[in-house]
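Take a look at the model below. Let us walk through it one site at a time.

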Amino acid sequence: MHAQEFSRRRRHLMELIGSGSIAVLPAAPERTRSRDTHYAYRPDSDFYYLTGFEEPDAVAVLVPGRPHGEFIVFCRERDPDKELWDGAREGPEGLVARFGADDAFPIGDIEEILPGLLEHSERVFYSMGVFGEFDQRLLGWMQALHARRQSGHAPDELVDLDHLLHEMRLFKSRREISAMKRSARIAVAAHRRALRACEPGKHEYELEAEFRYEFARNGAQCSYEPIVASGVNACVLHYNANDSVMNDGDLVLIDAGCEHELYASDVTRTYPVNGQFSAPQRELYDVVHSANQAATEKANPGNHWNDPHDAAVKEITRGLRDLGILKGRLPTLIRSNAYRPYFMHKTGHWIGMDVHDVGDYKVAEQWRLLEPGMVTTIEPGIYIAPNARGVAKRWRGIGIRLEDDVHISRDGPQVLTADLPLDADEIAALVGSDA
Ligand code: MG
Ligand code: MG
């Protein structure tokens, strides 16, 4: 992402919080995996969104209108010994030279400097409850300022930063949409790779490996643990053991997306392991396909957030009734949520830097309107549990979900994952193919 983009975001947030305010954002801490090894470091999305800086042990501070500089960063100092082992650090000099900081200090000096910046502010914008250790430090500084209020000043308000910042993140800029397109393109290529590799007798994790390979060779990684669920495993929504053998005659449901330049994709396809749908598999598949289409058509500016879901519910209920799985009149079945045992999740979620991205779904208790720049998934599904009561045996143990990433563009729904077929014949033809 271009440096201009980060500086535009900081300016925007500073306009929103106004002078007299200070915003404080700590970087995510490193996490121990076991003993002395760490998980791969992943910057906190809010921190990165405003800084573009990817090192741990840092704190970003925004002070709109401060004459000596509005954007201040505390970070690790350069250290030749440490850098020899762990790689280069920017240090305060690098933050000023390359990240647009007006001022930067060693993280070890924060105790001396940050309380002074807080002291001159009326309002402190901060996201409480994300990083517990830093919460305690910030509260400690504020309490100390209040304790000696007679001799100095102390901020009056602690305001939740999430609300303003997450509303900003909900609306993606052109550069962000481009990044999300690249993330979607890599995910689509990985799904195609898995389709080619799919055959009966392989383990689910062998298809998972195709995803990890395609992501890694593009400089990306998984945006969440991939789900490769064959046969009845597809009825477990968050199955990710991925260790079963894929049987001839079963479907495989794959929910896998990547994170590239810190932007996520989230894509699901379901197809026959042997390339041939059975009649009941095909009938249920076509219902989910039409639900996906109907929901996507509703992903238009001016519609409500829930309109795609309502469209999916209608298609799925109608389909289940036509197949005899539900019995009764369509309006009654919809009103009584008769579809719920077979479609128990919502049709989508915001997606961006986080796979389940930030941003409110309701405004003043009402579903909000879809607006250009928002990006959502569309992911209807049908899952008939292996022990589903009152359902004919032929349907049981089938789980199908079809998930795309959709940009609510000015011109209507723009499906970022459109290069991956949804049509039953088209996708079945790709299984085990060289295409
Ligand atoms: Mg998904
Ligand atoms: Mg999803």
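Four residues supply the protein donors of the magnesium ion (ligand 2): Asp-266 (OD), His-349 (NE2), Glu-379 (OE) and Glu-403 (OE). They lie 2.1 to 2.2 Å from the ion. Keep in mind that this is a predicted model. Along the sequence, the donor residues follow the spacing D-x82-H-x29-E-x23-E.

Now look beside this ion. The magnesium ion (ligand 1) is 3.1 Å from the magnesium ion (ligand 2). Asp-266 coordinates both.

What does the pair Asp-266 and His-349 tie together? Asp-266 lies in the loop between strand S13 (263-264) and strand S14 (268-272). His-349 lies in the loop between helix H12 (330-335) and strand S15 (362-363). The pair therefore ties together parts that are 83 residues apart in sequence.

Are these two residues buried or exposed? Buried means under 20% relative accessible area. Asp-266 has 4% relative accessibility, so Asp-266 counts as buried. His-349 has a relative accessible area of 9%, so His-349 is buried too.

Next, turn to Pro-372. Pro-372 sits in the loop between strand S16 (366-367) and strand S17 (375-378). At 29% relative accessibility, Pro-372 counts as partly exposed.

Which residues does Pro-372 touch, leaving aside its neighbours within four places in sequence? Pro-372 is in contact with Phe-171, Pro-301, Ile-408, Ser-409 and Arg-410. Pro-372 and Asp-411 are 39 residues apart in sequence. In space, their C-alpha atoms are 8.7 Å apart.

Technical notes:
Residues numbered from 1 in each chain as written. Chains lettered and ligands numbered in written order. Predicted model: local features only at pLDDT ≥ 70, side-chain atom pairs only at ≥ 80, totals over all residues. Heavy atoms only, no water. Donors = N, O, S within 2.8 Å, 3.2 Å for Na, K, Ca; no water. Helix = DSSP H or I, 4+ residues; strand = E, 2+ residues; numbered from the N terminus. Buried < 20%, exposed > 50% of the residue type's maximum accessible area, 1.4 Å probe, protein only. Contact = heavy atoms within 4.5 Å.
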